[in-house]
Amino acid sequence: MPVYLIIVLNLLAVVAGTAIGCFFRKYISWQLQDNFMIYFSIISTALGIQLLGRVSNLSAVVLTFLLSGLLGHAMKIDKRVGSLAGKGESQNQSSTSVILVAFTLFCASTSGILGALDLGFSGDTTLLITKATMDFLAALFFASASGWTIAVIAVPLGVILGAFYLLSTQISPYLSVEMIGNFSAYGGFIQFLNALRIIKLKDPPVLDMLPGMILIFPITYFWPC
């Protein structure tokens, strides 16, 4: 499937989910939403297992994961993004607030960033296709409560996915097989954290782990064989 179709698929998923959520909002119960959060967490865990299977050196990935946690905590990445979403939730009657919450949900997710990078590194569309499926249902549930404005988020989502894909194509010639494998495995760790957050079993600072997406490359390069 051509690259642009994968990205367009993600955008259409948000728009289509919004439309269906608006039309059928009276049939969507809170119980149904809770059930699907459990399903999403299982999908995220399965993706994490698949990505972890690509690892080249688990020790390098573990070190990166821990260092990223320290760096992300110091930078307060997850807390800062979360505070923006909280402001949006406290003013959920305005269109601006709804778009802000939606941006956090769809565009700040690690699955989108990882999926776009993975597409450029290896041509693997698994993450982005899975993200499109999950975004469709998430948009459906979100729009059932917030209305049509959620569809606007498709615009910045397209920009972000396209930008990370182009970045990956520029740097991939300089990366070794081991680097790409460890990058994928690091993404698997993040998917496990996502699963915990989705199911609300814990609330790990997922976005604090974003620095590791950069750290994994030099750490792998200098890691002793």
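The model is predicted, so local features need pLDDT of at least 70, side-chain atom pairs count only at pLDDT 80 or more, and totals for chains, interfaces and linings use all residues. Residues are numbered from 1 along each chain as its sequence is written, and side-chain values use heavy atoms, with hydrogens and water left out.

The protein chain holds ten helices and zero strands. Helices (H or I, at least four residues) and strands (E, at least two) are DSSP runs, numbered from the N terminus. Along the sequence the pattern reads α-α-α-α-α-α-α-α-α-α. Of the 225 residues in the protein chain, 47% are buried. Buried means under 20% relative accessible area, exposed means over 50%, and partly exposed lies in between (1.4 Å probe, protein chains only). Contact means heavy atoms within 4.5 Å. Among contacts between residues at least 6 apart in sequence, 85% join residues at least 24 apart.

Two packed helices are described by the angle between their axes and the distance between the axes. Axes are lines fitted to C-alpha atoms, for helices over the stretch in contact, and angles run from 0 to 180 degrees between N-to-C directions. Helix 3 spans residues 58-75 and helix 10 spans residues 212-222. Their axes come within 9 Å and cross at roughly 140°. Helix 3 and helix 10 are therefore oblique to each other. Angles under 35 degrees count as roughly parallel, over 145 as roughly antiparallel, 65 to 115 as roughly perpendicular and the rest as oblique. The crossing of helix 3 and helix 10 is right-handed. A crossing is right-handed if the near helix is turned clockwise from the far one by less than a right angle, and left-handed if anticlockwise. On helix 3, the residues in contact are A60, V61, L63, T64, L67, S68 and L71. They meet G212, L215, I216 and I219 of helix 10. The residues of this contact comprise eight nonpolar, three polar and no charged. Ala, Val, Leu, Ile, Met, Phe, Trp, Tyr, Cys and Pro count as nonpolar, Asp, Glu, Lys and Arg as charged, and the others, Gly among them, as polar.

Helix 3 also packs against helix 9. The axes of helix 3 and helix 9 come within 9 Å and cross at roughly 50°. Helix 3 and helix 9 are therefore oblique to each other. Their crossing is right-handed. Helix 3 contributes L58, A60, V61, V62, T64, F65 and S68, and helix 9 contributes N182, A185, Y186, F189 and L193. Nine of the residues in this contact are nonpolar, three are polar and none is charged.

T220 is found in helix 10. Its relative accessibility is 10%, so T220 counts as buried. Leaving aside neighbours within four places in sequence, T220 is in contact with E178, M179 and N182. N194 lies in helix 9 and is buried at 15% relative accessibility. The C-alpha atoms of N194 and P204 are separated by 8.0 Å, with the two residues ten apart along the chain.

S172 sits in the loop between helix 8 (154-171) and helix 9 (177-199). S172 is buried, with a relative accessible area of 19%. A polar atom of its side chain lies 3.4 Å from the backbone oxygen of T169. Beyond neighbours within four places in sequence, S172 is in contact with G120 and F121.

Note on methods:
Polar contact = N/O pair within 3.5 Å; in protein donor to acceptor, adjacent residues only side chain to side chain.
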